[in-house]
Amino acid sequence: MTTDHRHHRLARMDRLSHLLDNQFRIPGTGFRFGLDGLLGLLPGAGDLAAAALSAYVIIEARRAGVRVPALMRMGVNVGADLVIGSVPLLGDAVDFFWKANRANLRLAQKDIEAQERKIR
């Protein structure tokens, strides 16, 4: 896979993780939240839908060439987000404050950068 293809996939992951974690801002504050938090308000199905979208970020990371150890850490983040997010009230608060998808994007970026440095 070329560097351009990898960066295209990373850009796609960035857009989706932004939508899931940071798309909306409460006016007058710096607080941002995304669809993950909103979907988490729907009992059961909302958390599953958010996890499915988060899984797509991992799929894109794999397609971009992110290595297995980083993919596994990303999976743990999504799994923890799903499990904790399914706890009534506490899970809803966590969904608004913990940005698992942005963390996964950073993991993917670091792994790809490390691979590119090794090639150079």
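Mentor: A helix is here a DSSP run of H or I with at least four residues, a strand is a run of E with at least two, and both are numbered from the N terminus. The model is predicted: local features need pLDDT of at least 70, side-chain atom pairs count only at pLDDT 80 or more, and totals for chains, interfaces and linings use all residues. Residues are numbered from 1 along each chain as its sequence is written, and side-chain values use heavy atoms, with hydrogens and water left out.

Trainee: How far apart are the end C-alpha atoms of helix H4?
Mentor: The expected span of a helix is 1.5 Å times one less than its number of residues. Helix H4 has 18 residues, 68–85, and should therefore span 26 Å. The distance between its end C-alpha atoms agrees with this, at 25 Å.

Trainee: Within what arc do the buried residues of H4 fall?
Mentor: A residue is buried under 20% relative accessible area, exposed over 50% and partly exposed in between, with a 1.4 Å probe and protein chains only. The buried residues of H4 are Ala70, Leu71, Met74, Asn77, Val78, Asp81 and Gly85. Seen down the axis, they line one face of the helix, because they fall within an arc of 115°.

Trainee: Which exposed residues does the face of H4 turned away from its buried side carry?
Mentor: An α-helix has 3.6 residues a turn, so residues three or four places apart point the same way. The face of H4 turned away from the buried side carries Pro69, Met72, Val76 and Val83.

Trainee: Which helices do the buried residues of H4 pack against?
Mentor: Packing is judged by contact, meaning heavy atoms within 4.5 Å. By that criterion, the buried residues of H4 pack against H1 (3–21), H2 (35–40), H3 (45–63), H5 (90–97) and H6 (100–119).

Trainee: What is the volume of the largest cavity?
Mentor: A cavity is a set of points on a 1 Å grid over the protein atoms alone, where a 1.4 Å probe fits but cannot get out. Points are joined across faces, edges and corners, and the volume is the space filled by probe spheres set on them. The count is one cavity of 30 Å³ or more. The largest cavity has a volume of about 50 Å³.

Trainee: Which helices each supply at least two residues of the lining of the largest cavity?
Mentor: Lining residues have an atom within 4 Å of a point of the cavity. Here they are Asp36, Asp47, Ala50, Ala51, Val78, Asp81, Leu82 and Asp95. The helices that each supply at least two of the residues are H3 and H4.

Trainee: Which residues does Gly37 touch, not counting residues up to four places away in sequence?
Mentor: Gly37 is found in helix H2 and counts as buried, because its relative accessibility is 2%. Its C-alpha is 8.1 Å from that of Val94, 57 residues away in sequence. The residues touched by Gly37 are Leu20, Asp95 and Phe96.

Trainee: How far apart in space are Phe33 and Gln23, C-alpha to C-alpha?
Mentor: Phe33 is found in strand E2 and counts as buried at 15% relative accessibility. Its contacts beyond four places in sequence include Gln23 and Phe96. Phe33 and Gln23 are 10 residues apart in sequence, and their separation in space is 6.1 Å.

Trainee: What is the phi of Leu89?
Mentor: Leu89 is found in the loop between H4 and H5. Its relative accessible area is 70%, so Leu89 is exposed. Although Leu89 is not a glycine, its phi is positive, at about 65°.

Definitions and conventions:
Arc of directions from axis to C-beta. 1 Å grid on protein atoms, 1.4 Å probe; cavity = no way out; pocket = protein on both sides within 12 Å on 5 of 7 lines; lining within 4 Å.
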